[in-house]
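Me: Hi! Could you walk me through this structure?
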Number of protein chains: 2
Amino acid sequence: MDHTVSAFDDELRALGARLVDMGLMARRSVVDAVSALANRDGDLASQVSKDDDRIDALQKEIEEAGVLLIARRQPVARDLREVVAALRIAADLERIGDLAKNIAKRNVALTKIRQPQRLIGGVETLSTLVLDRLADVMAAFDARDAEAALRVWRGDGDIDVTYTAIFRSLLTYMMEDPRNITACTHLLFAAKNLERIGDHAANIAESVFYAATGNILTDDQDPPPEMVPAAAPVPVR
Amino acid sequence: MDHTVSAFDDELRALGARLVDMGLMARRSVVDAVSALANRDGDLASQVSKDDDRIDALQKEIEEAGVLLIARRQPVARDLREVVAALRIAADLERIGDLAKNIAKRNVALTKIRQPQRLIGGVETLSTLVLDRLADVMAAFDARDAEAALRVWRGDGDIDVTYTAIFRSLLTYMMEDPRNITACTHLLFAAKNLERIGDHAANIAESVFYAATGNILTDDQDPPPEMVPAAAPVPVR
């Protein structure tokens with residue numbers, strides 16, 4: 001290996017390390033956002049918003065470093081895919097930070113709710129599943145493990161089922177008592193944002209898989225519209 | 001100018017032209033999605049879903065072309081910014097396609113609604129504002145016009161006001177009659193998606209401005225949480 005190759009490897013490793021940090025920050029934001037929501041904690045919500053600024057800045061840095069790496073080292077094949085995947089993953093993590101901020105902000109709307117814990121419990125359960133997924137996919141990235149990435153990509157069944165259950169139960173609460181409508185609407189958006197964070201984890205899995213194998217996972221991820229016009233309300237994903 | 005420079009210019013122009021096409025496709029998807037929703041047109045909704053696949057494929061192509069351009073031509077300064085901006089804009093347009101697909105799918109949930117036009121009218125008004133914004137920002141991109149991009153970036157006041165009005169009126173409908181809740185929830189998500197498409201137009205404006213000037217517009221875009229715990233329900237953005 002000549003010195004150019006090893007310089008490239010060093011820079012790529014540094015890029016990967018920054019991405020792992022960014023993943024930890026994004027995950028921490030989701031944890032804090034759900035906690036801010038569940039405990040109506042405005043200070044923590046402000047913290048999530050500040051952290052989002054840092055995550056945004058980190059994305060710009062990673063993008064800049066990645067682009068310079070491509071321009072200076074002109075990597076090909078797997079080396080190039082690794083850099084492209086890093087740029088894509090940074091974009092997904094940036095979106096996760098945005099979604100976390102949006103969840104956190106909704107804490108204000110829940111201060112007047114009558115049975116908060118019962119309603120928020122479902123959202124917390126969903127967040128646990130999503131956080132696990134995010135941790136798994138970032139571990140797969142760190143290990144450059146295509147098999148593990150594929151498992152994450154395939155395994156969003158629990159999130160779908162839980163999201164659908166939350167959607168139904170929130171709509172039922174709204175129908176039972178119109179005073180619940182405003183707060184439940186905000187919880188619906190929070191749940192939707194969590195589900196979307198799960199989708200970004202799936203995107204990250206695609207990027208990890210692409211970097212390792214050069215293959216693109218075809219997106220039959222997208223489930224059929226679950227809108228049976230039956231008695232129970234069902235979400236559209 | 002030597003032949004390398006002019007080859008770069010040609011490739012950059014071709015990349016820009018593809019991006020303009022992608023912008024038109026994404027905008028068309030939003031038009032069709034709102035029409036599918038308003039007219040409960042399942043065929044058109046399927047078309048939006050197919051178009052989203054084409055938009056996704058186009059993003060991958062533009063990304064690949066942009067990355068190769070950076071690796072082969074090693075552009076610097078404004079040339080490099082133009083390519084990076086193109087990659088970012090393609091990512092925003094891809095997200096717009098996703099959001100349009102999600103809007104279109106919700107047509108099924110509205111088949112049982114009792115007063116569809118009254119409820120859908122607000123969403124259509126919002127879509128008009130968002131579509132104008134998208135057209136304006138893609139025109140700013142095509143003209144490489146930083147001033148025009150800045151105007152788009154600053155001018156989302158109408159969208160905010162309209163989204164807030166829709167949010168309030170949908171919640172009022174839900175409170176008046178629980179039978180409206182399921183359909184109104186889907187319209188709420190549709191309105192939220194349109195507002196988000198407006199945010200992606202703002203992101204595109206940032207990219208156009210960055211390519212032209214090298215400066216980054218600081219994101220005080222983000223409005224304060226509008227959640228006055230008052231009588232009228234207000235959204236969190």
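Reply: Happy to. One term to begin with: helices are DSSP runs of H or I with at least four residues, strands are E runs of at least two, and both are numbered from the N terminus. Keep in mind that this is a predicted model.

Me: Okay, how many helices and strands are there in chain A?
Reply: Chain A has seven helices and zero strands. Of its 237 residues, 57% count as buried.

Me: What should helix H2 of chain A span, at 1.5 Å a residue?
Reply: Helix H2 covers residues 42–73, and its 32 residues should span 46 Å. The C-alpha atoms at its ends are 46 Å apart, so the two agree.

Me: And what sits at its ends?
Reply: At the start of H2(A), a side-chain oxygen of Asp41(A) comes within 3.1 Å of the backbone nitrogen of Asp43(A). Just after the helix, Gln74(A) has a positive phi of about 45°.

Me: Switching topic: how many salt bridges are there over all chains?
Reply: The search finds 26. One of them pairs Arg88(B) with Glu63(A), at 2.3 Å from N to O. Arg88(B) lies in helix H3 of chain B and Glu63(A) in helix H2 of chain A, so this pair joins two chains.

Me: Are those two buried or exposed?
Reply: Both Arg88(B) and Glu63(A) are buried.

Me: What about Arg95(B) and Asp98(B)?
Reply: Their side chains form a salt bridge too, 3.8 Å from N to O. Both residues lie in helix H3 of chain B, three residues apart, about one turn of the helix. Arg95(B) is buried, at 15% relative accessible area, while Asp98(B) is partly exposed at 22%.

Key: Residues numbered from 1 in each chain as written. Chains lettered and ligands numbered in written order. Predicted model: local features only at pLDDT ≥ 70, side-chain atom pairs only at ≥ 80, totals over all residues. Heavy atoms only, no water. Buried < 20%, exposed > 50% of the residue type's maximum accessible area, 1.4 Å probe, protein only. Expected span 1.5 Å × (residues − 1). Polar contact = N/O pair within 3.5 Å; in protein donor to acceptor, adjacent residues only side chain to side chain. Salt bridge = Lys/Arg side-chain N within 4 Å of Asp/Glu carboxyl O.
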